[in-house]
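Here's a quick briefing for anyone opening this structure for the first time. Have a look at the sequence and the fold, then read on.

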Amino acid sequence: MGAAPDLSKRREAFATLDVHGYGDVLQCMRCGFCLPTCPTYRTDGVETQSPRGRVAMIKAVVDGRMDPTEEFAEHMYHCLDCRNCHTVCPAGVKAGELVLEARHRIEEHRPQGVVKRFLLEYAIRDQRRLSRLLAPARLYQRAGIQALVRRYDLLKAVSAGLSHLEAIMPDIPPRPLTETIPEEIPAGGKERGRVGFFLGCAMNLLYPEASRATAGLLSRAGYTVVIPRAQQCCGAPNIEEGERRTYREMAAHNVDLFLGKRVDFVVTDCAACGTELKSYGTLLGGRGRNPGPAIGFSGKVRDVSEFLSRALGPDVPFGPLEEDQCFHDPCHLCHAQGITTPPRDLLRRVPGLRLSEVPDAGQCCGSAGVYNITHADRSMKILAAKVEAIGKTGARSVVSSNPGCLLQLEYAKRRFKTEWEVVHISQILQRSIARGEEKGGSE
């Protein structure tokens, strides 16, 4: 890990942390409502792996009763940041956000590795740069090397960790969406306004056709769609890893870029991006900064289902899809943004679509950014529970709206040999409307 952390500087950093900024921590009644909802408590069954336990540890460090050691830091990274505890806490304690703040104060005084700095401070700033970095992986897949590695399980004898990393690797499209879509798409019919489409890194690089469907739906709803090529990462990976300097620079860039396009709304089809974009107004304040533009920007941000549930009027012809489906709630949609009804309302507008509820619907799938790599064993236990819950619905299609969830559920198909189709909600809506318009045109 390199040089040892300076505990005295960490102590000073935590001494200034105001825990009351994350809900009234002192009002924690130790009621235990958070315990059965927390993925890590469900897998490990110990207090330190619960939101209540993490809050108690942070409070002990702030009060000087515990040292912010590497063991303490490790506990902060066991959290998936699913925010399920936020949803159920009767006292309003924001344990997840408090954990992220603790990570920041840890990382401020911890030596950073070269690879981590390269990814979070350089690579992530430019999606074209990220695309170039994926070139070896594309070649690995296109040349048939991956097929051989998987057929004969060649990496298992080399390293279990490397074998797992290869197993969860998704299919990487040949080109990102930004290389094949215009920066401005005219409104379909009479223009109702201008929408800035925030194209998340993972959606652009790994799910370009899903985001192409999103752009088409926004246009179909009557909005000119603006997709600035210069947009940068939302900063979610940086926040999760405790990095704030580059995060603030990227956030400020995105705010200025989209406000400069004079858009009425900023829509994203990535739940994690939506959570972060809506947080700019809070996280860009302080240190002499004017939070006004960031607050104005965040006020314009909408998740794609949140926006389309209002924008697609009764005149839009949804065509029939005779399918059994379920919707997997991304944690950063249902818990961080409090959005659960809009995606279901949209899916229920599709004739013939039979929508089933997943038992324990708000539970995480175990993806959580790179958690399925850094904490693979626990992530797989969480995923197994999610697979079992989805299996009880009898659904043939699992719909979601976050790339991390899509990746994890696609991996579940291979690992658990399920028969699902895993699909973004925009693609389901696009299929239905295309069929509806086709039917209308033939009458």
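To talk about cavities we need a definition: on a 1 Å grid over the protein atoms alone, a cavity is a set of points where a 1.4 Å probe fits but cannot get out, and its lining residues have an atom within 4 Å of a point. Grid points are joined across faces, edges and corners, and the volume is the space filled by probe spheres set on those points. With that in hand, the largest cavity holds about 160 Å³ of space.

Keep in mind that this is a predicted model, where local features need pLDDT of at least 70, side-chain atom pairs count only at pLDDT 80 or more, and totals for chains, interfaces and linings use all residues. Residues are numbered from 1 along each chain as its sequence is written, and side-chain values use heavy atoms, with hydrogens and water left out.

**Cavities**

- Searching the whole structure turns up 2 cavities of 30 Å³ or more.
- The largest cavity is lined by 16 residues, and those closest to its centre are Cys28, Cys34, Arg52, Cys89 and Val93.
- Helix H3 (residues 51–62) makes the largest contribution to that lining, with 3 residues; helices (H or I, at least four residues) and strands (E, at least two) are DSSP runs, numbered from the N terminus.
- Sorted by class, the lining of the largest cavity has 13 nonpolar, 1 polar and 2 charged residues. Here Ala, Val, Leu, Ile, Met, Phe, Trp, Tyr, Cys and Pro count as nonpolar, Asp, Glu, Lys and Arg as charged, and the others, Gly among them, as polar.
- What about the second largest cavity: how much space lies in it? About 90 Å³.
- It has 14 lining residues, with Cys38, Pro51, Arg54, Cys79 and Cys85 closest to the centre of this second largest cavity.
- Helix H2 (39–44), H3 and helix H6 (95–107) each put at least two residues into the lining of the second largest cavity, and H6 gives the most, with 3 residues.
- The class count for the second largest cavity is 9 nonpolar, 2 polar and 3 charged residues.

- A bit of background: strands of a sheet pair through backbone hydrogen bonds, either parallel or antiparallel. In this briefing, two strands pair if DSSP finds at least two bridges between them.
- Strand S2 (residues 193–198) and strand S4 (residues 265–268) pair in the parallel sense over 4 bridges. Phenylalanine 197 has valine 267 in S4 as its bridge partner, while phenylalanine 198 stands opposite threonine 268 in S4.
- S4 is also joined to strand S5 (residues 301–303) by 3 bridges, and these two run parallel. Threonine 268 turns up again here, standing opposite aspartate 303 in S5.

**A helix with a buried face**

- Which residues of helix H18 (residues 304–311) are buried? They are Val304, Ser305, Phe307, Leu308 and Ala311. Buried means under 20% relative accessible area, exposed means over 50%, and partly exposed is in between (1.4 Å probe, protein chains only).
- Looking down the axis of H18, the buried residues fall within an arc of 160°, so they line one face of the helix. The arc is that of the directions from the helix axis to the C-beta atoms.

**The four-strand sheet**

- Another open sheet has 4 strands in the order S7-S6-S8-S9, and its pairing is parallel.
- Its edge strands are strand S7 (354–356) and strand S9 (421–424), each pairing on one side only.
- Strand S6 (residues 324–327) and strand S8 (residues 397–400) pair in the parallel sense over 3 bridges, and in S8 the bridge partner of phenylalanine 327 is valine 399.

**Single residues to look up**

- Arginine 30 is in the loop between helix H1 (7–15) and H2. Its phi is near 55°, a positive value in a residue other than glycine, and arginine 30 is partly exposed at 49% relative accessible area.
- Alanine 368 is in the loop between S7 and helix H21 (371–374). Alanine 368 isn't a glycine either, yet has a positive phi of about 50°, and counts as partly exposed at 27% relative accessibility.

Terms used
1 Å grid on protein atoms, 1.4 Å probe; cavity = no way out; pocket = protein on both sides within 12 Å on 5 of 7 lines; lining within 4 Å.
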